[in-house]
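Q: Hi! Could you walk me through this protein while I have it open on my screen?
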Amino acid sequence: MNYDANLACTTYIIASGFPHPPLETIKARLAESFGGECEDVFQKSHAMDPFLLHCMISHESMVEAKSIVSALRYQLYDQLDMIDAYAKEPSDRRNLENITIELHGISQDTDSLLASADMAQMIAERMINAHERFEISMDGAKAKDKMVKVMDSLQYLQTSIQSQKRWLLSYKSRKDIAMNLVCSKSSRSARIGNNSH
């Protein structure tokens, strides 16, 4: 992104896979805001904020990440249900091996999503700081009023990322407890199996 204050022009270069549904959503939202039938002053005035596109991209990324985190949660809960079922009625030890493999996969996915959430949080903080500096450089209350919507969106984004990170840490903790339970049940099953010979 490059912003030229003299021309009041923002240039973005965006690299993405093709086709990429979130990018298509962003294009549609931009078309609604600046073209077609949306000719009112409010919509156009909001284009003065060079962080608008950053904000849109970040929000679409957050929406995409929420579906991935939800899928991870269901995957974890499925394994927790299997552990509960095994605790009530122990069955074949291979079930424990399969649960262990699944929990390892969940662990890797959770760590990867936590790293992404850390990066997203850092980016959101930097955008907020940069936006605050940009706002200070703007002349007049009118110009600053036009930036409030984008700043509110950036702050909402930051709060959402923090919330998502807390959920991921909670899933990681539950996965660790489940893994310890599986390991202890696996050891006990092995001891019982050895004693019966």
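A: Happy to. One term to settle before we start: buried means under 20% relative accessible area, exposed means over 50%, and partly exposed is in between. Also keep in mind that this is a predicted model.

Q: What does Ile123 make together with Met119 and Met122?
A: Met119, Met122 and Ile123 make a nonpolar surface patch of about 250 Å².

Q: Let's zoom out. How many helices and strands are there, and in what pattern?
A: There are six helices and two strands. Along the sequence, the pattern reads β-β-α-α-α-α-α-α.

Q: And how much of the protein is buried?
A: Of the 197 residues, 30% are buried.

Q: What share of the contacts comes from residues 24 or more positions apart?
A: Counting contacts with a separation of 6 or more, 77% are between residues 24 or more positions apart.

Q: Can you show me one residue's surroundings? Say Gln79: buried or exposed?
A: Gln79 is buried, since its relative accessible area is 7% and the cut-off for buried is under 20%. Gln79 sits in helix 3, residues 52–88.

Q: What is Gln79 in contact with?
A: Setting aside neighbours within four places in sequence, Gln79 is in contact with Ile99, Glu102, Leu103 and Ile106.

Q: Let's take Lys27 and Glu24. How far apart are the N and O?
A: The salt bridge between the Lys27 and Glu24 side chains has an N to O distance of 3.6 Å. Lys27 and Glu24 are three residues apart in helix 1 (residues 21–34), so about one helical turn separates them. Glu24 is partly exposed at 36% relative accessibility, and Lys27 is partly exposed at 46%.

Q: What about Glu60, which residue does Glu60 form a salt bridge with?
A: Glu60 forms a salt bridge with Arg29, and their closest N and O atoms are 3.3 Å apart. Glu60 is in helix 3 and Arg29 in helix 1, so this pair ties together parts that are 31 residues apart in sequence.

Q: Are Glu60 and Arg29 buried or partly exposed?
A: Glu60 is buried, with a relative accessible area of 14%, whereas Arg29 is partly exposed at 33%.

Q: Last topic, pockets. How much space lies in the largest pocket?
A: About 450 Å³. The largest pocket has a lining of 22 residues, and Ser58, Ser61, Met62, Ser116 and Ala120 lie nearest its centre.

Q: Which elements give two or more residues to that lining?
A: Helix 3, helix 4 and helix 6 (148–195) do. Helix 3 provides the largest share of the lining, nine residues.

Key:
Residues are numbered from 1 along each chain as its sequence is written. This is a predicted model: local features need pLDDT of at least 70, side-chain atom pairs count only at pLDDT 80 or more; totals for chains, interfaces and linings use all residues. Side-chain values use heavy atoms; hydrogens and water are left out. Patches are made of residues with over 30% relative accessible area and no salt bridge: like charges are joined within 9 Å, nonpolar side chains (Val, Leu, Ile, Met, Phe, Trp, Tyr) within 5 Å. Accessible areas come from the Shrake-Rupley method with a 1.4 Å probe; for residues, only the protein chains shown count as cover. A salt bridge is a side-chain nitrogen of Lys or Arg within 4 Å of a carboxyl oxygen of Asp or Glu. Helices (H or I, at least four residues) and strands (E, at least two) are DSSP runs, numbered from the N terminus. Buried means under 20% relative accessible area, exposed over 50%, partly exposed in between (1.4 Å probe, protein chains only). Contact means heavy atoms within 4.5 Å. On a 1 Å grid over the protein atoms alone, a cavity is a set of points where a 1.4 Å probe fits but cannot get out, and a pocket is an open set with protein on both sides within 12 Å along at least five of seven lines; lining residues have an atom within 4 Å of a point. Grid points are joined across faces, edges and corners, and a volume is the space filled by probe spheres set on the points.
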